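Good morning, and thank you for making time for this. I would like to take you through one structure, beginning with a single residue and then turning to its surroundings.

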Amino acid sequence: MPVRTFREMVLRERPTGGITPGTFAERRSPMPVLDEGEALVEVVWLGIDATQRTWLNPDATYIAPVEIGEVMRGSGVGRVVASRNPALPEGQWVYGVLGWREYVVAREGGLFGVNPVPEGIDPRHMLTVFGVSGLTAFVGMSAVLDITDADTVLVTGAAGSVGSLAGQIARLLGARVIGTAGSAEKAAWVRDVAKFDACVDYRADSVPDALRDFAPDGLTAVFDNVGGVLLENALDRLALHARIALCGSISSGYTAAGYGAGPANYMQLAFRRARMEGFVFLDHQALFPQALSRLVGWVGAGELRWAEDVVDGLPNAPAALQRLFDGANLGKQLVRVNADETKVD
């Protein structure tokens, strides 16, 4: 009888620039035999986040790198298809760090484990508004920037998964919000769907002029996902005692060469008596219950909107990750592991 196998994507070589066809390799592994307390999960959706590119570099950032030959780490949702764990019965939807593969054995819950999707929640939304993106956006706007109705806020990367939610949360907290995006189509989505007060296409329009018009008295808060020139534009338009939250620097490409140069005009922080702070949402676990409660309420009231950019097929996960750095996605980049029902051979 032939051995049943499933597919996994493993790191083949560390990229020096963008993701290439040689960065990952497809590996076939035998279907596992479950021990007591374990459950077998069919991975249905993968969440693709820019931070995953940093895990491919040799040095640790806020988390250890993925090793050569290791299954690529990443968030996902899936269905329990076999179980020896009464807490994870067959048919239960779960979410967690499932990795780039068709099947995974669930052994424990917790922050980096596998947990049941709450009743009434679309499982896919655990990768977007109720997952890393929503939590990061909420933590940045509430705990780091402490946004109120007195604020005028800039969100760079406003058409991305985190940025689009961050700007909407700032608006729901009473602030006026302007975003930046990389095309006229994206800028229109940010204004018309995400309901930012304004959004500028940084490739076609003058960001300094747009910021001057929107915030003649200066920006009181900045949620930065991009770094580079856009961060410098923001620093040149700060109000006194402004706050800047550093969430990402995707303009750097997150390569092993570095994560972007320091802003040439960093002394604006001193001149404007401003505060610039980096953050990782994992440091704010105590805030998660409040964050999820607020997010659920806003979603239920129709106050939060988000986009999903879907790529089909596990082998296309590497290309999906590169799409984030090419500016090809709108909203959350997702991978549907199998377009049809998973077939085990």
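**Leu219 and the chain around it**

Let us start with Leu219, which is found in strand E11, residues 219-224. Helices (H or I, at least four residues) and strands (E, at least two) are DSSP runs, numbered from the N terminus. Please keep in mind that this is a predicted model: local features need pLDDT of at least 70, side-chain atom pairs count only at pLDDT 80 or more, and totals for chains, interfaces and linings use all residues. Residues are numbered from 1 along each chain as its sequence is written, and side-chain values use heavy atoms, with hydrogens and water left out.

Is Leu219 buried or exposed? Its relative accessibility is 0%, so Leu219 counts as buried. Here buried means under 20% relative accessible area, exposed over 50%, and partly exposed in between, with a 1.4 Å probe and protein chains only. Not counting residues up to four places away in sequence, Leu219 touches Thr152, Val153, Leu154, Ile178, Leu211, Ala234, Arg237, Leu238, Ala239 and Ala242. A contact means heavy atoms within 4.5 Å. Glu108, by comparison, lies 111 residues from Leu219 along the chain, and their C-alpha atoms are separated by 44 Å.

Now to the chain as a whole. The secondary structure comes to 9 helices and 15 strands. The C-alpha trace spans about 75 × 45 × 35 Å along its principal axes. For 345 residues, a compact globule would have a radius of gyration near 20 Å, and the 21 Å of this chain agrees with that. That radius is taken over C-alpha atoms, and the globule rule is 2.2 Å times the number of residues to the power 0.38. Of the 345 residues, 53% are buried. Among contacts between residues at least 6 apart in sequence, 66% join residues at least 24 apart.

As for the surface, the accessible area of the chain comes to about 15,000 Å², with 51% of it belonging to carbon and sulfur atoms. These areas come from the Shrake-Rupley method with a 1.4 Å probe. The chain has 31 positive and 40 negative charges, and their mean positions are 1 Å apart. Lys and Arg count as positive and Asp and Glu as negative, while His and the chain ends are not counted. The place of a charge is taken as NZ of Lys, CZ of Arg, CG of Asp or CD of Glu.

Next, the strands. Strand E1, residues 5-11, is mostly covered, with 7 of its 7 residues buried. Thr5, Arg7, Met9 and Leu11 lie on one side of E1 and Phe6, Glu8 and Val10 on the other, and all are buried. E1 pairs with strand E2, residues 24-30, in the antiparallel sense over 7 bridges. Two strands pair if DSSP finds at least two bridges between them. The bridge partner of Leu11 in E2 is Phe24.

A further antiparallel pairing joins strand E3, residues 39-48, to strand E4, residues 75-83, by 7 bridges. In that pairing Leu40 stands opposite Ala82 in E4. E4 is also joined to strand E5, residues 93-97, by 5 bridges, again antiparallel, and Ser75 stands opposite Val97 in E5.

Ala50 is found in the loop between E3 and helix H1 (51-54). What does Ala50 contact, leaving aside its neighbours within four places in sequence? Its partners are Ile250, Tyr254, Leu324 and Phe325. Ile250 is 200 residues from Ala50 along the chain, yet their C-alpha atoms are separated by 7.2 Å. Ala50 has a relative accessible area of 18% and is therefore buried.

Helix H2, residues 132-144, is mostly covered: 10 of its 13 residues are buried, including Leu135, Phe138, Val139 and Met141.

I close with backbone angles. Most residues other than glycine have a negative phi. Asp146, which follows H2, has a positive phi near 50 degrees. Lys195, also not a glycine, has a positive phi of about 65 degrees. Lys195 is found in the loop between helix H4 (184-192) and strand E10 (198-201), and its relative accessible area of 47% makes it partly exposed. His241 has a positive phi near 65 degrees and is placed in strand E12, residues 238-246. With a relative accessible area of 53%, His241 is exposed.
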